[in-house]
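Subject: Structure handover

Hello,

Here is the structure we talked about. Please open it first, then read the notes below.

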Amino acid sequence: MSAQKELENRDLYLNKLISFCDMEPVKVITGIRRCGKSSLLKFMVKYLKEKGIEEERIIEMNFESFEFKDMTEK
């Protein structure tokens, strides 16, 4: 079993994401592989939970998971 690496703090990006939280349209986070996109989203989920958002209202999906291997656009 490997030890889970602690997430690197992403305050600058997290605060920017939070500032647009309740605005339209949908936000898209892009970047090269292993630049911290998933870490940023984990911090956002943590922030939402700390603000009292119910866990049932937070949707997390990893499209690289085998759970979605048969997913299509239809």
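First, a term. Buried means under 20% relative accessible area, exposed means over 50%, and partly exposed is in between (1.4 Å probe, protein chains only).

The model is predicted, so local features need pLDDT of at least 70 and side-chain atom pairs count only at pLDDT 80 or more, while totals for chains, interfaces and linings use all residues. Residues are numbered from 1 along each chain as its sequence is written, and side-chain values use heavy atoms, with hydrogens and water left out.

Salt bridges

A salt bridge here is a side-chain nitrogen of Lys or Arg within 4 Å of a carboxyl oxygen of Asp or Glu. The whole structure has 3 of them.

- Glu50 pairs with Lys46 at 4.0 Å, N to O. Both sit in helix α2, 4 residues apart, about one turn of the helix. Glu50 counts as exposed because its relative accessibility is 58%. Lys46, at 46%, is partly exposed.
- Glu55 pairs with Lys49, with the closest N and O atoms 4.0 Å apart. Glu55 is exposed at 55%. Lys49 is partly exposed at 38%.
- Lys69 pairs with Asp70 at 3.4 Å, N to O. Both residues are exposed.

Helix α1

Helices are DSSP runs (H or I, at least four residues), numbered from the N terminus. Helix α1 covers residues 11–19, and its Leu14, Leu17 and Ile18 are buried. They lie on the same side of α1 because they cover an arc of only 100 degrees around the axis. That arc is taken from the directions from the helix axis to the C-beta atoms. Leu12, Tyr13 and Lys16, on the other side, are exposed. The buried residues of α1 pack against α2 (37–50), where contact means heavy atoms within 4.5 Å.

Pockets

A pocket is an open set of points on a 1 Å grid over the protein atoms alone, where a 1.4 Å probe fits, with protein on both sides within 12 Å along at least five of seven lines; lining residues have an atom within 4 Å of a point. A volume is the space filled by probe spheres set on the points.

- The largest pocket has a volume of about 1,800 Å³. Its lining has 41 residues, and Lys37, Ser38, Ser39, Leu41 and Lys42 lie nearest its centre. The largest share of that lining, 9 residues, comes from α2.
- The second largest pocket holds about 250 Å³. Its lining has 13 residues, and Tyr13, Leu17, Ile29, Thr30 and Leu40 lie nearest its centre. Here α1 gives the largest share, 3 residues.

Best wishes

Terms used. Helices (H or I, at least four residues) and strands (E, at least two) are DSSP runs, numbered from the N terminus.
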